[in-house]
Amino acid sequence: MRNIIDALEFEIDTSTPICIIKELKKKDIDKKFEINLEKFKHLTKERQVSELFISYLVHHYKEEIDLKKIIKEIQDDSLIEERCDYYTKELINSIFERNPKIDFDSLLTNVQKPKIYTNKNITFNEHPFYLGRKEVVKRFVKDLNKKNLKEFIENYLGLDTRQKKILEKFIMNYGRYYDLKDIPKEILPKVPKEINPFVKKYTLKRKPSAISFYVFEGEEREEFAEIIDNF
């Protein structure tokens, strides 16, 4: 199918068959990956792992990805294009995806003509929703003690699906409440004893940690405390 697509030029619209859209997306992933794999390899191994983990946490199909295997290949210098499926390629491409800058004044003053895409010029940018989530997760991983990053990821991968979702909720809330300001000290929660060892070990900031813990209610809060006991 790709040979046929490459030989023709046609417009992309809502009537384009989904099988063609999927093939075009794969082609776009491959094209970006050729560039991004080289960029990725120029990062330190620690940075490769941390950036990959950030992309993984917000990936829609993370259950399809063997993160442990990819990290091992990074450590062994055996990560090559031939070993990477499309989910892995998407993870690495996502590391270098940035939110596009929008000229809002231009949008208000100019009549915007809809852009016509063909199979020759179409590109598939990451959705702003996932880019936003990635920026939130970055705040948590940035604070995470890098000496314990590998251990943290291994502990995370050892959790069941429900436990992972609870921990991911804490991570997302940590990023969301990271920059809360102008809140009187009297009403700011203190880090409770249940999570204090976890916060200290992974060098997390105390204010967003405490707030993120108290976002949980009842049984879920107890479950989170039990989960991090093993970290």
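From the N terminus on, the elements run α-α-α-α-α-α-α-α-α-α-α-α. That is twelve helices and zero strands. Please keep in mind that this is a predicted model. Along the principal axes, the C-alpha atoms fill a box of roughly 65 × 50 × 35 Å. The chain has 231 residues, and 41% of them are buried. As for contacts with a separation of 6 or more, 76% of those in the chain join residues 24 or more positions apart.

Now the interior. In soluble globular proteins, nonpolar side chains tend to be buried together. Here the largest nonpolar core has 51 residues. Which residues have the most contacts inside that core? They are Phe140, Phe152, Leu204 and Phe224. Among the helices, α3, residues 45-58, gives the most to this core, with seven residues.

Next, the packing of α3 on α7. Two packed helices are described by the angle between their axes and the distance between the axes. For α3 and α7, the latter covering residues 128-143, the angle is about 130° and the axes are 9 Å apart. Why do we call this pair oblique? Angles over 145 degrees count as roughly antiparallel, and 65 to 115 as roughly perpendicular; at about 130°, α3 and α7 are therefore oblique to each other. The crossing of α3 past α7 is right-handed.

On the α3 side, the contact is made by Ser50, Glu51, Phe53, Ile54, Ser55, Leu57 and Val58. On the α7 side, Tyr130, Arg133, Lys134, Val137, Lys138 and Val141 take part. By type, the residues of this contact divide into seven nonpolar, two polar and four charged.

A few single residues now. Lys32 sits in helix α2, residues 18-41. Is Lys32 buried or exposed? Buried means under 20% relative accessible area, and Lys32 is at 19%, so it counts as buried. Beyond residues up to four places away in sequence, Lys32 touches Asn93, Glu97, Thr123, Phe124 and Asn125.

Ile4 makes a contrast. Its place is in helix α1, residues 2-7, and with a relative accessible area of 55% Ile4 is exposed. Ile4 and Pro17 are 13 residues apart in sequence, and their C-alpha atoms are 14 Å apart in space.

Last, backbone angles. Most residues other than glycine have a negative phi. Asp77 is not a glycine, yet has a positive phi of about 60°. Where is Asp77 found? In the loop between α4, residues 67-75, and α5, residues 86-95. Asp77 is exposed, with a relative accessible area of 62%.

Thr203 also has a positive phi, of about 50°, without being a glycine. Thr203 lies in the loop between α10, residues 196-201, and α11, residues 206-215. At 39% relative accessibility, Thr203 counts as partly exposed.

Terms used
Residues numbered from 1 in each chain as written. Predicted model: local features only at pLDDT ≥ 70, side-chain atom pairs only at ≥ 80, totals over all residues. Heavy atoms only, no water. Core = buried A, V, L, I, M, F, W, Y, C linked by side-chain atoms within 4.5 Å. Buried < 20%, exposed > 50% of the residue type's maximum accessible area, 1.4 Å probe, protein only. Helix = DSSP H or I, 4+ residues; strand = E, 2+ residues; numbered from the N terminus. Axes fitted to C-alpha atoms, helices over the stretch in contact; angles between N-to-C directions. Parallel < 35°, antiparallel > 145°, perpendicular 65-115°, else oblique. Left-handed = near helix turned anticlockwise from the far one by under 90°. Contact = heavy atoms within 4.5 Å. Nonpolar A, V, L, I, M, F, W, Y, C, P; charged D, E, K, R; others polar.
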